[in-house]
Amino acid sequence: MSDSEKIREKLLEWEKEVVEPLLKKAPERKKVFLTEEGIEVKRLYTPLDLEKWDYLEKLGFPGTYPFTRGVYPTMYRGRPWTIRQYAGYGSAEDTNERYRYLLSIGQTGLSMAFDLPTQLGYDPDDPLAWYEVGKVGVSMPTIQEMDIVFSGIPMDKISTSMTINATAIEILSMYVAVAESRGVPKAVLDGTVQNDILKEYIARNNYIYPPEPSMRYSVDLILYAAKEMPKWNSISISGYHMEEAGATPAMEVAFTIADGMEYVKWVMERGKVPVDSFAPRLSFFFAARTNLFEQIAKFRAARRIWAKVMKDRFGAKDPRSMMLRFHTQTAGVLLTAQQPMVNIIRTTLQALAAVLGGTQSLHVNSYDEALCLPTEESVKLSVRVQQVILYESGVVDTVDPLGGAYYIEWLTDQIEERAWKYIDEIERMGGMLRAVKLGYPQREIAKAAYEWQLKVEKGEIPIVGINMFVEPEIPKVKILKVDPAARERVVSRLRKFRESRDQVKVRTALDNVRKAAEKEEVNIFPPIYEAVKVGATVGEISRVLREVWGEWRAPEIF
Amino acid sequence: MSQEKAVRRKVLVAKLGLDGHDRGAKVITMALRDAGFRVVYLGVHQSPENLVRVALEEDVEAIGVSILSGSHEELISDLMRIARERGVRAPIIVGGVIPPEDIPRLKELGVFEVLMPGTPLSKVVEIFKKAVGEAQ
């Protein structure tokens with residue numbers, strides 16, 4: 001009798017003699033237990049669930065293909081994840097103050113939030129911008145503002161992540177130009193630019209131009225960085241926003257990887273470059289929800305799928321091209337305005353999922369974020385959550401501590417299998433760009449969001465403070481309000497800045513941007529970089545590109 | 001014939017300002033449709049002017065506006081002013097990331113109701129029914 005036969009026999013015996021009599025007396029709380037993905041969870045997992053499961057094929061070792069157990073051989077024993085809180089609001093001064101505060105309490109990397117006008121290519125004095133200047137991020141119309149944000153912050157030592165997409169080249173150019181003005185060459189700069197336009201069409205909605213020129217813009221940044229900025233992550237392929245918009249865990253993994261595949265295809269074709277020349281600098285961004293084990297399985301499945309895709313479909317040889325390195329943010333949609341302090345407990349579990357899932361960098365949401373931007377007090381707790389997990393919990397002492405757990409490995413396989421179905425579906429449509437134009441991921445996500453909400457309504461998805469243990473009053477918490485004077489400060493500085501520049505140089509530089517935009521084969525990065533350096537604003541550069549490329553109206557899928 | 005118009009349950013849902021977070025607006029649109037409403041869904045990046053124009057063209061009975069960018073006070077203040085100027089009578093309901101302390105100010109501006117995150121869909125539907133003048 002083989003080992004598994006023995007186990008099967010004993011398992012059946014246990015079910016019949018122990019479980020069944022118990023169930024008659026004390027039935028379980030529910031007939032069916034489901035994950036958020038809708039995967040039915042069994043009462044118990046045993047070696048029988050991993051019967052044909054091959055350790056070397058499924059897991060291997062950390063730092064080696066297929067990277068299921070982690071992208072680095074020693075993981076957090078060697079180097080902790082980067083504590084990186086997404087931050088920025090008001091004017092450059094407000095944001096500089098917040099960054100210094102975050103660094104003073106132990107943050108180890110910066111993550112820049114830009115306001116909506118900056119993300120959508122409008123200067124703060126544009127009538128379309130007025131309402132939103134400095135509200136959800138820092139206003140960043142010119143290189144001068146970037147200089148103020150980084151005053152007193154060593155750009156050669158800190159790594160900086162920038163959530164910027166449709167205007168990514170303008171903003172990265174500002175960062176590079178400010179660093180170079182301080183004697184820090186771009187080759188040593190360490191950081192990430194989000195530069196993921198596909199997920200803007202799918203979920204986040206901060207796009208400007210139609211998909212084709214937008215892809216060219218994104219790809220040109222990737223190609224430029226591959227040559228000039230060897231330490232820079234030229235894209236952060238993001239599932240986070242899709243999860244926030246309603247994607248299930250398998251959708252989040254699949255749509256993100258399908259986006260990644262589209263970028264790889266485009267870069268190889270447009271740049272006529274081998275995959276290993278740029279793929280090591282592709283990075284990722286996922287959400288961490290409260291459903292702990294499914295989230296851990298999600299991260300592990302994503303790593304394994306990406307490794308396979310890069311090796312088998314794109315012929316990558318460099319193992320670094322196969323590594324899915326990722327940033328994680330705890331899921332904003334799971335924060336409640338009701339009983340806001342309970343959010344600290346939620347985000348702790350979510351952060352733990354990210355760490356047990358092998359993240360490289362982490363943002364923990366603050367308890368007040370269903371109401372406003374975080375205050376200093378609330379964001380400090382977010383940093384402390386990370387520090388307690390890192391220094392006190394001991395979960396970092398060994399690599400992938402849950403590896404080999406019957407349930408985790410079974411669930412990782414389940415998520416992988418479901419994700420492949422979506423990926424194959426998108427491939428059949430001709431890739432993600434076509435799928436986006438057809439509205440496929442948008443529709444799937446909206447449907448999933450509604451289904452989730454209906455389950456919350458029915459109490460099938462329990463949320464403390466929302467559909468159980470409800471309290472009538474929303475307790476008062478301290479609210480961060482963006483100082484209305486920030487808008488005036490930014491606008492008056494911008495006007496002075498416009499007057500002070502060499503107008504001829506600006507006009508020539510903008511003209512060069514236009515010519516480059518018109519010529520399909522030219523890389524758009526260098527002319528934008530030159531324009532930013534001579535003082536062209538985000539709004540001016542975007543206006544030129546809008547004139548050449550046009551603007552995108554979302555397909556009516558809804 | 002009564003002078004009152006029959007309730008047609010025709011409403012508008014839109015994202016006001018540059019904010020792209022449209023999950024809430026879409027979920028509410030789906031819930032209202034399931035409850036028998038006709039919803040004109042305008043989507044993201046709407047200016048107050050455009051919203052008012054469409055509200056008049058479509059002759060809607062209520063307007064749902066979603067804002068998660070923290071700009072609710074400025075946006076709603078302009079929206080209410082323009083709506084008044086152009087004679088829009090449809091009640092306006094606002095939802096999104098809005099701190100409770102801002103609710104009185106929005107009500108003062110003439111907002112029919114402010115919906116916090118976590119409001120059950122059944123309550124949302126009930127409020128829209130009230131807004132279009134259906135007796136409860």
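Here is a walk through both chains, one selection after another.

**Before you click**

What's loaded is a predicted model, where local features need pLDDT of at least 70, side-chain atom pairs count only at pLDDT 80 or more, and totals for chains, interfaces and linings use all residues. Residues are numbered from 1 along each chain as its sequence is written, while chains are lettered from A and ligands numbered from 1 in the order in which they are written.

**Stop 1: chain A as a whole**

Select chain A and switch to cartoon. You get 22 helices and 10 strands (DSSP runs numbered from the N terminus: H or I of at least four residues for helices, E of at least two for strands). Its radius of gyration is 24 Å, close to the 24 Å that the globule rule gives for 558 residues, so chain A is as compact as a globular protein of that length. (That radius is taken over C-alpha atoms, and the rule is 2.2 Å times the number of residues to the power 0.38.) Along the principal axes, the C-alpha trace of chain A spans about 90 × 55 × 50 Å.

Of the 558 residues in chain A, 52% are buried. Buried means 20 or more other C-beta atoms within 10 Å of the residue's own, exposed means 12 or fewer, and partly exposed is in between, with C-beta atoms placed from the backbone.

Now colour by domain: the assignment gives domain 1 (3-50), domain 2 (62-66 + 75-397 + 425-458) and domain 3 (486-549) of chain A, with bounds from an automatic or database domain assignment.

**Stop 2**

Strands pair if DSSP finds at least two bridges between them. Zoom in on β8 (residues 282-288) and β9 (residues 326-330) of chain A, which run parallel and are joined by five bridges. For one of these pairings, highlight A:F284 and its bridge partner A:F326 in β9(A).

**Stop 2: A:Q350**

Select A:Q350, in helix α14 (residues 342-356) of chain A. Is A:Q350 buried or exposed? It's buried, because 27 other C-beta atoms lie within 10 Å. Leaving out residues up to four places away in sequence, A:Q350 touches A:A288, A:R289, A:T290, A:T330 and A:A331. Here a contact means C-beta atoms, placed from the backbone, within 7 Å.

**Stop 3: over to chain B**

Chain B has five helices and five strands, following the pattern β-α-β-α-β-α-β-α-β-α along the sequence. Its radius of gyration is 14 Å, close to the 14 Å from the globule rule for 136 residues, so chain B is as compact as a globular protein of that length. Its C-alpha atoms fill a box of roughly 45 × 35 × 25 Å along the principal axes, and 49% of its 136 residues count as buried.

The strands of chain B make an open sheet, ordered β2-β1-β3-β4-β5 with parallel pairing. Its edge strands are β2 (38-46) and β5 (113-115) of chain B. At the β5(B) end, β4 (residues 92-96) of chain B pairs with β5(B) in the parallel sense over three bridges; B:V94 has B:V114 as its bridge partner.

**Stop 4: the contact**

Bring chain A back. The contact takes 31 residues from chain A and 27 residues from chain B. On the chain A side, the elements giving two or more residues are α5 (116-119), α10 (240-245) and α18 (440-458) of chain A. The largest share of that side, five residues, comes from α18(A).

**Last stop: the core**

Which residues have the most contacts inside the largest nonpolar core? Select A:L221, A:A254, B:V11 and B:I63; the core has 198 residues. (A nonpolar core is a set of buried Ala, Val, Leu, Ile, Met, Phe, Trp, Tyr and Cys residues joined through C-beta atoms within 7 Å.) Helix α11 (residues 249-271) of chain A gives the most to this core, with 11 residues. Finish on B:V11, whose contacts beyond four places in sequence include B:L32, B:F37, B:I63 and B:F128.

Key. Contact = placed C-beta atoms within 7 Å.
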